[in-house]
Amino acid sequence: MAPIPGSGLAKGLAVTLRTMTKKSHTAQYPDAQPDLPPRTRGVIGLFEENCTVCMLCARECPDWCIYIDSHKETIPAAAPGGRERSRNVLDRFAIDFALCMYCGICIEVCPFDALFWSPEFEYAETDIHELTHERDKLREWMWTVPEPPALDPGAEEPKEIAAARKAAEKLAATQAAEAAEADRDRAPGADTAPGADRAAGPGTPPAAPGTGEPQPPTEGGTA
């Protein structure tokens with residue numbers, strides 16, 4: 001059956017009329033900011049205190065867009081006669097976002113959690129050379145990194161949190177034991193001084209607890 005002349009035009013006009021009656025959902029950016037998902041790969045933030053200049057991120061980057069400079073610093077010995085130590089000090093950490101393909105390999109391979117994804121995306125520049133951002137800018141983006149999502153019910157506790165919790169519990173138990181020992185020493189009726197039994201003489205029996213009087217000799221012993 002041959003198509004009716006003008007049927008395609010009628011269908012197109014019908015679609016246009018249906019669309020005209022619907023409310024528009026266009027977000028008026030930049031007046032209305034987009035609601036981004038929590039795992040958005042916007043930009044990479046640097047937590048400088050965790051960086052040990054291990055160079056893993058720069059070596060594993062497939063685009064070679066991470067630039068790191070550092071120098072070694074000597075740390076004096078902690079105790080007399082000890083050995084001096086050396087550490088790497090970060091001088092420069094820059095990422096060329098004109099080359100970055102946002103694969104996230106640098107974030108995954110970092111063993112000390114110094115790199116994080118940030119949902120920040122408004123960093124366009126008019127010159128491509130200005131897309132190389134230094135560590136000061138990367139540190140500013142670090143504070144836009146969202147908090148990690150809550151663990152699923154029944155999920156295993158992270159090893160770092162478990163280790164920190166056990167250390168805190170052990171420290172609290174030690175402090176509680178020391179406080180209890182101090183309370184017993186200050187309790188009424190406690191011995192006046194350590195070694196008081198020895199000060200009474202080699203032949204004197206030890207004092208009875210809480211009385212200060214010599215204990216009676218045991219059976220088969222001497223007074």
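I'll start with His133, which sits in strand β5, residues 132–133. Keep in mind that this is a predicted model.

Is His133 buried or exposed? Its relative accessibility is 8%, so His133 counts as buried, the cut-off for that class being under 20%. As for what surrounds the residue, I set aside neighbours within four places in sequence. What remains in contact with His133 is Phe93, Ala94, Ile95, Phe97, Tyr123, Glu125, Leu138 and Trp141. Of the elements on my list, β3 covers residues 85–96.

Next, the backbone. Most residues other than glycine have a negative phi, and most peptide bonds are trans.

Tyr29 and Pro30 are joined by a cis peptide bond, with omega at about 10°. Pro30 belongs to the loop that runs between α1 (7–20) and β1 (43–46).

Then Val53. This residue is not a glycine, yet its phi is positive, near 55°. Where is Val53? In the loop between β1 and α2, the latter being residues 56–60. Val53 counts as buried because its relative accessibility is 7%.

Last, Tyr102. Here too phi is positive in a residue other than glycine, with a value near 60°. Tyr102 is in the loop between β3 (85–96) and α3 (105–109). Its relative accessible area is 26%, so Tyr102 is classed as partly exposed; that class lies between the 20% and 50% limits.

Val53 is buried, while Tyr102 is partly exposed.

How values were computed. Residues are numbered from 1 along each chain as its sequence is written. This is a predicted model: local features need pLDDT of at least 70, side-chain atom pairs count only at pLDDT 80 or more; totals for chains, interfaces and linings use all residues. Side-chain values use heavy atoms; hydrogens and water are left out. Helices (H or I, at least four residues) and strands (E, at least two) are DSSP runs, numbered from the N terminus. Buried means under 20% relative accessible area, exposed over 50%, partly exposed in between (1.4 Å probe, protein chains only). Contact means heavy atoms within 4.5 Å.
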